[in-house]
Amino acid sequence: MNLEEMNDMLKNGVVSNMCNYIRAREIFLTISDFHQKINDSPYNEFFGAVQLFAKKEMYMSLCKIFEEKNKIYVICSLPNILDILKNSELEKLEELAENLKKELPTNEELEEIKQVRDKMIAHNEKPPKEIQPAQLKIMDELLEKCKSIVVKLQEQKELNLMFFDLKNKFILEEQAKTAARALEELLTNLDELK
């Protein structure tokens, strides 16, 4: 696999899932912020369903970012992308990939998120506890690890990546928050919809 294909995997896999996580997180939190107003409205079932979909998307997006390599399918995840870099012809990129693999979250760090994905979303087993603020914090920390790795990949001129600005701010983050801003405006004016 060449670097152009790897860049495409990064853009359409990891970065896309970063945006999906941010979008879902912002929608989830916006609905939480307006919970009282929503509960007092005739739309509480609708917004409850939207919040549930957002929560599921948060789990799925993070799990996709850190999914382990699969022997059958090409997985567009950070571990797989780093493996591709590690096997590149450029020694500098091989060394970088080896170092960045050490920054990936451990299986223990991913366990709680994967458990919810596996038992609550993907399979019909008894679900573990619901999202608590600590879990949301853990999820945000995983996203930050991902951002850190992508920033370091972007610093390599050979890869020709542009996902972060010069201050290492994720360029697509504001765009990913657009849906939540529209939702906030809608919820602010919820009384007028009755």
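This is a short tour of the structure above, stop by stop, with something to select at each one.

**Before you start**

You're looking at a predicted model, where local features need pLDDT of at least 70, side-chain atom pairs count only at pLDDT 80 or more, and totals for chains, interfaces and linings use all residues. Residues are numbered from 1 along each chain as its sequence is written, and side-chain values use heavy atoms, with hydrogens and water left out.

**Stop 1: the whole chain**

Show everything as a cartoon. You'll find 10 helices and 0 strands, where helices (H or I, at least four residues) and strands (E, at least two) are DSSP runs numbered from the N terminus. Followed along the sequence, the pattern reads α-α-α-α-α-α-α-α-α-α. Along the principal axes, the C-alpha atoms fill a box of roughly 65 × 40 × 25 Å.

How many of the contacts with a separation of 6 or more come from residues 24 or more positions apart? The share is 70%, with contact meaning heavy atoms within 4.5 Å. As for burial, 43% of the 194 residues count as buried. Buried means under 20% relative accessible area, exposed over 50%, and partly exposed in between (1.4 Å probe, protein chains only).

**Stop 2: H1 against H4**

Select residues 3-33 for helix H1 and residues 78-86 for helix H4. Their axes come within 10 Å and cross at roughly 170°, which makes H1 roughly antiparallel to H4. The axes are lines fitted to C-alpha atoms, for helices over the stretch in contact, and the angles run from 0 to 180 degrees between N-to-C directions. Angles under 35 degrees count as roughly parallel, over 145 as roughly antiparallel, 65 to 115 as roughly perpendicular and the rest as oblique.

Now show side chains. H1 makes the contact with Leu 3, Met 6, Met 9, Leu 10 and Val 14, while H4 brings Leu 78, Asn 80, Ile 81, Ile 84 and Leu 85. These contact residues divide into 9 nonpolar, 1 polar and no charged. (Ala, Val, Leu, Ile, Met, Phe, Trp, Tyr, Cys and Pro count as nonpolar, Asp, Glu, Lys and Arg as charged, and the others, Gly among them, as polar.)

**Stop 3: the largest nonpolar core**

Next, pick Leu 10, Met 18, Leu 78 and Leu 153: of the 56 residues in the largest nonpolar core, these touch the most other members. A nonpolar core is a set of buried Ala, Val, Leu, Ile, Met, Phe, Trp, Tyr and Cys residues joined through side-chain atoms within 4.5 Å. Which helix gives the most to this core? H1 does, with 13 residues. Among the helices that each supply at least two residues are H3 (44-65), H6 (107-122), H7 (133-154) and H9 (178-188).

Zoom in on Leu 153. Not counting residues up to four places away in sequence, Leu 153 touches Leu 10, Leu 82, Leu 85, Leu 96, Leu 100, Leu 159 and Leu 161.

**Stop 4**

Select residues 91-101, helix H5, and colour its buried residues: Leu 93, Leu 96, Ala 97 and Leu 100. They cover an arc of only 100° around the axis, so they sit on the same side of H5; the arc is that of the directions from the helix axis to the C-beta atoms. On the other side of H5, look for Glu 91 and Glu 95, which are exposed.

**Stop 5: Phe 170 and Glu 173**

Go to the loop between H7 and H8 and select Phe 170. Is Phe 170 buried or exposed? At 2% relative accessibility, Phe 170 is buried. Leaving aside neighbours within four places in sequence, its contacts are Val 15, Met 18, Cys 19, Ile 22, Lys 147, Phe 163 and Phe 164.

Then move to Glu 173 in helix H8 (residues 173-176). Glu 173 is buried too, with a relative accessible area of 14%. Apart from residues up to four places away in sequence, Glu 173 touches Ile 22 and Lys 147.

**Stop 6**

Select Phe 47 in helix H3, buried at 3% relative accessibility. With neighbours within four places in sequence set aside, Phe 47 is in contact with Ile 31, Ile 38, Leu 183, Leu 186, Leu 187 and Leu 190.

Finish in helix H6 with Asp 118 and Met 120. Asp 118 is partly exposed, with a relative accessible area of 29%, whereas Met 120 is buried at 18%.
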